[in-house]
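Please consider the structure shown below together with its sequence. The account that follows leads through it step by step.

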Amino acid sequence: MQPLQSPGVIGSVSAEVLAGKGAAVPGRLCALRKTEEAIRLALAKVRKEAARKGRSVQPATLELAQYVILFTTVPERDWSAAEVLERYRRGWQVELVFKRFKSLAELGYLPKYNDESAKA
């Protein structure tokens, strides 16, 4: 896949990830180039985290921070790269709502009073 040069450009490429015991899981990487503002914020975050940990930032990290990249096993005939990224974005919005609800309800930590009540 060629680098995605313009903000909002979407691409995908076949890929494999290694799972347990070295088994390869076939799928594809779907990528979206971030906007210039989002890139600026992502790079600042990467640099701040590296400085906090006393590490140098690798060039590949700076390059990858410019994209939203997802691995999926959903075939392209079922969902295009744009559909994968959009569904992920929507799902992430739901996760943020749940996180906010947990914060408002102070459910970040639930004390357990006995072993049976701690089981999910």
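Predicted model: local features only at pLDDT ≥ 70, side-chain atom pairs only at ≥ 80, totals over all residues.

Residues are numbered from 1 along each chain as its sequence is written, and side-chain values use heavy atoms, with hydrogens and water left out.

Helices (H or I, at least four residues) and strands (E, at least two) are DSSP runs, numbered from the N terminus. Two strands pair if DSSP finds at least two bridges between them. Strand 1, residues 10-18, pairs with strand 2, residues 24-33, in the antiparallel sense over 9 bridges. Within this pairing, Ala-15 has Gly-27 of strand 2 as its bridge partner. The two strands, strand 1 and strand 2, form a hairpin with 5 residues between them, and Lys-21 in the turn has a positive phi of about 60°. Strand 2 also pairs with strand 3 (residues 67-72), in the antiparallel sense and over 6 bridges. Here the bridge partner of Cys-30 is Leu-70 in strand 3.

Leu-70 also belongs to the lining of the largest pocket. On a 1 Å grid over the protein atoms alone, a pocket is an open set of points where a 1.4 Å probe fits, with protein on both sides within 12 Å along at least five of seven lines; lining residues have an atom within 4 Å of a point. Grid points are joined across faces, edges and corners, and a volume is the space filled by probe spheres set on the points. The volume of the largest pocket is about 310 Å³. Strand 3 and helix 3 (81-104) each supply at least two residues of the lining, and helix 3 gives the most, with 7 residues. By class, the lining has 9 nonpolar, 1 polar and 2 charged residues; Ala, Val, Leu, Ile, Met, Phe, Trp, Tyr, Cys and Pro count as nonpolar, Asp, Glu, Lys and Arg as charged, and the others, Gly among them, as polar.

Which residues form the aromatic pair? The structure holds 1 such pair. Tyr-88 and Trp-92 form it, and their rings are stacked, at 6.4 Å centre to centre with 15° between the planes. Rings of Phe, Tyr and Trp (its six-membered ring) pair if their centres lie within 6.5 Å; planes under 30 degrees apart count as stacked, over 60 as edge-to-face and the rest as tilted. Both residues of the pair, Tyr-88 and Trp-92, lie in helix 3, 4 residues apart, about one turn of the helix. Tyr-88 counts as partly exposed because its relative accessibility is 41%; the class lies between buried, under 20% relative accessible area, and exposed, over 50% (1.4 Å probe, protein chains only).

The structure also holds 6 salt bridges, each a side-chain nitrogen of Lys or Arg within 4 Å of a carboxyl oxygen of Asp or Glu. In helix 3, Glu-86 and Arg-90 lie 4 residues apart, about one turn of the helix, and their side chains meet in a salt bridge (3.0 Å, N to O). Arg-90 has a relative accessible area of 54% and is therefore exposed. Elsewhere, salt bridges that share partners join Glu-49, Arg-52 and Lys-53 into one network. Within it, the closest N and O atoms of Lys-53 and Glu-49 are 3.4 Å apart.
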